[in-house]
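Thanks for coming. Please look at the structure first.

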Amino acid sequence: MKILFNIANLSVLILVFCSCKKQADTTTAPDIYLAGRQGLFAKYWVNGQEKVLNNGITAAIVNSIFVAGKDVYATGNDGDTAKMWKNGIAYNLTDGKMASEANSIFVYNNDVYVAGDERDSITFEFKDKYWKNGVGINTGLGSIRCIMMVDNNLYMITGGGVWKNGIVYKIENGSYITLRCMTVIGNDIYVGGNSVDPATGKTLAKYWKNGQPFQVSTFFGSEVQGIAVTGSTIHLLINENNEIKYWKNGAVTSISKGGYAYSMAVYENDVYIAGNEITGGWSDRIATYWKNGIRYDLGPGSDKINFRSVFIAKK
């Protein structure tokens, strides 16, 4: 998979952002991977068939999933320990002495990159860390939300900046910015999230191309949660006042009037969004994914499921 934003050199062309992916044309329907948790169990589902990743003794979750060829990689937490799973086999990313978490996973030329953070044993503050093939590396960025390798360049995003090969590029002043997603196309870096207007205190959804801001919502508390670029088309996943929206070159479509989405993938001309839809009170939620705005769930038990990541892979 060659990642145009968030993926890498594999067997399929994918465009992603840590929640978004785009793959090359194919005449065969793709496999849909959804990942998250159900109760205490970290799980992922392939075309609706579940794979359980832990024993349920402690609460666990998958925050990110990646497919490279026939191998399925996932990362998240089991209790307070950051984990990585490959084809269902669990690997601890830390010794478990201090709390840690893993947010994003990416595979490039058989190397596995995971991003997250770990609590410092002296200050007890969480400090960023990424792992390459299980070896932890600190960068001093704070919690890393997304990691990817593109054309042998390593990219990460944290609070208010983009890290590329060891150099940090601040977005605006970095102080009032939260970055949540990223994609890289050629020499162009696209990131999405939100920023706080220091004059009004309003948090508004934005995306940035090479540092240039584009505001995409006027609603207080809105955020860009996913971004992908295909040709001249920019795709955004926006959460706005418990409403899920899909933004395409400025045209906005409401996906759900009540819910929150974590992840988006673009495959050929199809857009997949994964999250949770509110069916009653805030606690009454059903794990849901949408394909081109059409809603799907996994049937009975979906109210116990939380989707965090979607990945579309060639069969």
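How many salt bridges does a search of the whole structure find? The search finds twelve, a salt bridge being a side-chain nitrogen of Lys or Arg within 4 Å of a carboxyl oxygen of Asp or Glu.

Some ground rules. This is a predicted model, where local features need pLDDT of at least 70 and side-chain atom pairs count only at pLDDT 80 or more, while totals for chains, interfaces and linings use all residues. Residues are numbered from 1 along each chain as its sequence is written, and side-chain values use heavy atoms, with hydrogens and water left out.

Now the pairs. Lys-245 and Glu-240 meet through their side chains at 2.6 Å, N to O. Both residues are buried; buried means under 20% relative accessible area, exposed over 50%, and partly exposed in between, with a 1.4 Å probe and protein chains only.

Glu-243 bridges to Lys-257, with the closest N and O atoms 3.2 Å apart. That pair links distant parts of the chain, 14 residues apart: Glu-243 sits in strand β24, Lys-257 in the loop between β25 and β26. Strands here are DSSP runs (E, at least two residues), numbered from the N terminus. Glu-243 counts as buried because its relative accessibility is 13%, whereas Lys-257, at 65%, is exposed.

Asp-120 and Lys-127 form another salt bridge, at 3.6 Å, N to O. Lys-127 is partly exposed, at 37%. Glu-277, Arg-295 and Asp-297 are linked in a network of salt bridges.

How values were computed. Helix = DSSP H or I, 4+ residues; strand = E, 2+ residues; numbered from the N terminus.
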